[in-house]
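I opened my notebook to look up a few things in this structure.

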Amino acid sequence: MKSISNLRDGIVRGETTARAATESALNAAEKLNDSLNAFLEIDRAGALNRAAQVDAQSEKTDLPLAGVPFAIKDNICVRGMQTSCGSRILGPYHPPYNATVIDRLIAAGSVIIGKTNCDEFAMGSSNENSAFGPVKNPWDLSRVPGGSSGGSAAAVAAGIVPVALGSDTGGSVRQPAALCGVIGLKPTYGRVSRYGLVAFGSSLDQIGVLAGEVSDAAAVLQVIAGRDSSDATTADVPVPDYSAELNEDVKGLRIGVSRVLLGKGVHPEVRAAIEKSIEAYRDLGAEIVDVDLPHAKYAIAVYYIIATAEASSNLARFDGVRYGFRAKDAPALKEMYRKTRDEGFGPEVKRRIMLGTYVLSHGYYDAYYLKAQQVRTLLRQDFTRAFEKCDAVLTPTTPTPAFLFGEKVDDPLAMYLNDIYTVTANLAGVPGISVPCGLSSDGLPIGLQLLGPYWSEARLLRLAHAYQTARPLNARPRVFA
Amino acid sequence: MPITEADIEKIAQLAHLEITDDERRLFAPQISEIVTYVEQLNAIDTTAVEPALGGLTPEGEQTVSSRRDEVQPSLGQELALEQAPDPAAGHFRVPKVLG
């Protein structure tokens, strides 16, 4: 797969067409979907129409993503396509409007080829919670692709599209990026509009980018970042040129490492890969400093209180009245709500709605929800202090490489612990990026994660780009376009 | 704190979820385990700590999101009803509310 700058420049110069790029992505998506299950909808007709529009435009130099084929996680609204959120409860839902990020991608010239599979309502770390069957990891079809944006990660890893959008509430962009060997960027809270993203945890959700190349992630962030009056949480902060400093070296930048976070629970091969990447950064001229995030060990507990509380409230809207599926044979309203939600939601979503309802319920609010929000403050203070000593914190993205289907599915708590390194960024609101940093002895990708202060995406991209240039993965998954 | 099957039933009612007997038996120990896990937070002294309500950055807090109170274009009735499972005469029809 070409990088989007090559592809886009070729299209702008007339050496190739948006139609050719779109057809090749559509062909790959259709051919590989039987084995990967990465797409829930492939819109051949719509994508070819759109490509023809781009080709017909006489002046394309103003289109930063001219003819670039895109895959979109199926919890982000695209007019003319379905939005299922990997759930049965949305039934045949086709949103009547575009998410703001989609309007911006289209205005930039990109072509959306389809909607990608995900854990139901973005709740999961393995894709096993999709109502439409899990996505398979292109590196090993017996293993999970990670979650919840597993379809987007697999589509990029398999070379179907150069870039895809996902959403990241507790690691749902970075974790599958690590497990599939691609770049996964979660921007600062408030950097990218969530208008048209189906809400899960509103104080945590952020739309992110999956890409093969760091420079491509930068180009996409450039298009989607910025204030949007339709999302009051977007901040009025200038959007810098994310590509400008990509090629600058990282000499003198300080990378913080917490030794505690590399201790218990980390797979030995992940630890070894991270130790090597720390050395690689040292070789590139970065300074490695020790940092301490004393409350990071509580992050999963805090996250699963706050995220489920917010989810229980956000998912109250799925009641069979205004859109989506409605259960049959329910003669009274309350019964209709209960049956619709029983038949429409899968077990993990029910579990989280119940946990969230419980922690918010009368008599328990202070003990759980308020307590969690207080510890969230302490965690934010940990990051503020850490970033006084360093420009970015480096951790593994996940404690292990991709695990087997079924391995953790009966043990929700074990599944939640996959997110131990990623949830901290959502709780603190800081940006993070996962970069492939090696392969395990089984040939499975391992990811390193860099977390930075608010609005430091340009620096994170520069650090990631330096790593990817110095230590490219030089390997392809078994399933590849 | 252990969560009993009766607790699960009560929570499900609050959340407008119908739960089968099998689900009740499955969820009670799972949710108990998760609740026990999150109770490790009790070990942290938070008496003087302000809760972090919401996810905004300092810059996000300062961003003014209000606008003039003027009519803006919106979806309109037809599009808003297009996805409804049972639209009727410009409304969302639901089963009877009172028994």
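This is a predicted model: local features need pLDDT of at least 70, side-chain atom pairs count only at pLDDT 80 or more; totals for chains, interfaces and linings use all residues.

Strand β2 (residues 69-73) and strand β3 (residues 111-116) of chain A pair in the parallel sense, over 5 bridges. I checked one position: A:K73 stands opposite A:T116 in β3(A). I also reminded myself of a general point: strands of a sheet pair through backbone hydrogen bonds, either parallel or antiparallel.

Next I looked for what packs on the sheet. Helix α7 (residues 214-224) of chain A does, touching β4 (163-168), β5 (183-186) and β6 (206-211) of chain A. I noted the angle: the direction of α7 makes about 145° with that of β6(A). Helix α8 (residues 268-283) of chain A packs on the sheet as well.

Then I traced the whole sheet. I found an open sheet of 11 strands with mixed pairing, in the order β1-β3-β2-β4-β6-β5-β10-β11-β9-β7-β8 (chain A). Which strands stand at the edges? They are β1 (39-42) and β8 of chain A; each has a single partner strand, so one side of each is left without a neighbour in the sheet. I wrote down the twist too, which averages 30° from one strand to the next.

I turned to helix α11(A). It has 14 residues and reaches 20 Å from its first C-alpha to its last, close to the 20 Å expected at 1.5 Å a residue. Why is α11(A) called largely enclosed? I counted 11 of its 14 residues as buried, so the rest of the structure largely encloses it. The buried ones include A:R351, A:L355 and A:Y358. They pack against α9, α12 and α13 of chain A, together with α1 (5-14) and α2 (21-38) of chain B.

Chain A gives 59 residues and chain B gives 46 residues. On the side of chain A that touches chain B, α12(A) gives the most, with 11 residues. By class, that side has 33 nonpolar, 14 polar and 12 charged residues.

Last, I picked A:Y298, in the loop between β8 (287-290) and α9 of chain A. Is A:Y298 buried or exposed? I found 21 other C-beta atoms within 10 Å, and 20 or more count as buried, so A:Y298 is buried. Beyond its sequence neighbours up to four places away, A:Y298 touches A:V375, B:Q40, B:L41 and B:I44. A:V375 is 77 residues apart from A:Y298 along the chain, yet their C-alpha atoms are separated by 7.9 Å.

How values were computed. Residues are numbered from 1 along each chain as its sequence is written. Chains are lettered from A and ligands numbered from 1 in the order in which they are written. Two residues are in contact if their C-beta atoms, placed from the backbone, lie within 7 Å. Helices (H or I, at least four residues) and strands (E, at least two) are DSSP runs, numbered from the N terminus. Ala, Val, Leu, Ile, Met, Phe, Trp, Tyr, Cys and Pro count as nonpolar, Asp, Glu, Lys and Arg as charged, and the others, Gly among them, as polar. A residue is buried if 20 or more other C-beta atoms lie within 10 Å of its own, exposed if 12 or fewer, and partly exposed in between; C-beta atoms are placed from the backbone. The expected span of a helix is 1.5 Å times one less than its number of residues. Two strands pair if DSSP finds at least two bridges between them. Axes are lines fitted to C-alpha atoms, for helices over the stretch in contact, and angles run from 0 to 180 degrees between N-to-C directions.
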